[in-house]
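Here's a quick walk through one model, with an eye on its charged pairs and its nonpolar cores. Have a look at the structure first.

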Amino acid sequence: MEISSGGGVVLEGVHSSVAALDALDCEDNFLAAGVGIGADVDVLQRRYELRLTRLEVVKRLEAQLAAVKAVDVAEAVEIQHAMLAPDAPMHECTYAEMSAVEEIAGVLTISSGAAGAFVEQSRRACSLPPVMDALAAGALSWQHARIVADETEGLTPDGAAALVAHFFDPDASKPARGAAPGELVPSRFRVKVRTWRERHHPESLQKRHAKGVADRRMEYTPDRDGMAWIALRLPGDTASAIWNRTTATARGLQGPNEPRTLTQLRPDIAASLLLGTGTPAREAAAGEAAGRTGDAAGTGAGSVSGTGSAAGSNSDVGRVPTPRADVLVMVPVFSLLSVTDEPAELDGHGPIPASMARKLVTDGAESFYRVLVDPRDGAPLEIGRTRYRLTETIKQWIRMRDGKCTFPGCSNRTPDNDTDHLTAWKHGGRTDVRNLGQLCPKHHRLKHARPWVPDAATENSPPGWTSPTGRHYKPEHPDPNPTQWPQWLMPGERLCLDASPEDLPQWEPDDDQLIDLNDLSPEDPVWAEFFTKPFVLSG
């Protein structure tokens, strides 16, 4: 296989732009020093103009460097394939490309998903010479080139060439009018390209929709303040029906005694139905009630199907239950006991309020694993085990330690990740936490197909990795913070977890209404009342 060498041509533009930046910098230095300046020169105005000119050159240089990266990425994968035998089986070709993508991800410090997308976009851009010529000249940004690469996906070579010619060839039969691609902001350029694609696509919308349906999915994204986003990619009619149904149900629940807004009710209803508390009959009743209201108001909400009585009986719909799924909750000891309100850590999400953690541990005890956190350094102390065997508890500990797939750059946190022997059992590897690591199925397969070598793990640290080309990637260590101590501990006091009660600092109530239990007689009837009261965590 002959490997092209497009990087050399692209680098000529890079050298030219760097020289232009050097010249502008020299002029600016002369102006700043006041050397060789004529009386008619407005120094501040000229230095302002130099900043703008430098921004233009930097923009051009960034585009040219993006062209260098795209060419190198595409050729790196091409070379990896050239290293295989001509009759190599398909799975060898797949693993060769997968390994190359992971190497690129490590070098660029991006996720493997982002690297895979970058490889595909670079390949498509490099297959479109007019686009690469414009990028190498700095006439458009990588964002513009990526838009063309994205919008030509799925087109035939002739269709992609026609799209590119329309926007980049002024001699085409019907060239694009108005501003050149690089003169449009990327969002407007995407609208123009997508509009042309939809009008000239050789495949019917029905066929393209069928392919889009095959790509339907759900995505989860943690957010700030203990919140998260759930997104669904569905056929348009299904998504519209879900929106209309939750809206109709929410309208049916609204009333004088319902404080939640329509915006708040929609996600509550969706959560209650997905997690199993809202029954279809009750939900349909709410939809029917809202539908009648919508008909009267002329809003069209009556198109939502449903039968039943008024929404007043829908006490369960919209009430979000405690989730029941295997999730680890790392709770500081003092926070679990309601002594402090330090945030806990929800596996796969991040910080959550202490009240939420206490509610999960109590209401979802069968599926939420309580992990106590050492108040001295924030490290995990122990993991609760109520129904799992010891081997399963070890898996949960590794999941807690690693947080995600340990492969460099991977952010897969799914509970379906594999617990893999870092040193294989047949090579003398033991089954303990120091020789086990979490790997997603994709990287588990890659580890056994290509020489990606993990380091040894420790009890509290995941393994690092060495790539086939010898690059080493350190593990993503957890960064626990020392826990927050209760205010009643005096400054300078240090609590030893192994200390006896006599060694602990004495607490004195700061409220006259509080009782110091040390002052009570053992025969005081308050003790009998205290020991008969069940222990309940506050929510």
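How many salt bridges does a search of the whole structure find? The search turns up 20. Keep in mind that this is a predicted model.

Let's begin with Arg450, which forms a salt bridge with Glu92; their closest N and O atoms are 3.3 Å apart. Arg450 sits in the loop between α16 (441-449) and β10 (453-454), while Glu92 belongs to helix α3, so this pair ties together parts that are 358 residues apart in sequence.

Are the two partners buried or exposed? Arg450 is buried, at a relative accessible area of 15%, whereas Glu92 is partly exposed, at 26%.

Asp420 pairs with Lys447, and here the closest N and O atoms are 3.0 Å apart.

Arg401 has a relative accessible area of 6%, so it counts as buried, the cut-off being under 20%. Asp402 is buried as well, at 8%. Elsewhere, a network of salt bridges links Arg124, Asp150, Glu151, Arg190 and Arg194.

## The nonpolar cores

The largest nonpolar core has 45 residues, and the ones with the most contacts inside it are Leu135, Trp142, Val148, Phe168 and Phe189. Who supplies it? At least two residues each come from α1 (7-33), α2 (43-82), α3 (90-108), α4 (112-126), α5 (129-136), α6 (142-151), α7 (157-168) and α8 (186-200). The largest share, eleven residues, comes from α2.

For a closer look, take Trp142: setting aside neighbours within four places in sequence, this residue is in contact with Ala66, Ala70, Phe118, Gln121, Ser122, Ala125 and Leu135. Apart from this core lies another, of eleven residues, including Cys405, Phe407, Trp452 and Tyr473.

## A buried serine

Where is Ser467 found? Look in the loop between β11 (465-466) and β12 (472-473).

What does Ser467 touch, not counting residues up to four places away in sequence? Glu103, Pro451, Trp452 and Tyr473. Two of these, Trp452 and Tyr473, are among the residues of the eleven-residue core.

Notes: Residues numbered from 1 in each chain as written. Predicted model: local features only at pLDDT ≥ 70, side-chain atom pairs only at ≥ 80, totals over all residues. Heavy atoms only, no water. Core = buried A, V, L, I, M, F, W, Y, C linked by side-chain atoms within 4.5 Å. Buried < 20%, exposed > 50% of the residue type's maximum accessible area, 1.4 Å probe, protein only. Helix = DSSP H or I, 4+ residues; strand = E, 2+ residues; numbered from the N terminus. Contact = heavy atoms within 4.5 Å. Salt bridge = Lys/Arg side-chain N within 4 Å of Asp/Glu carboxyl O.
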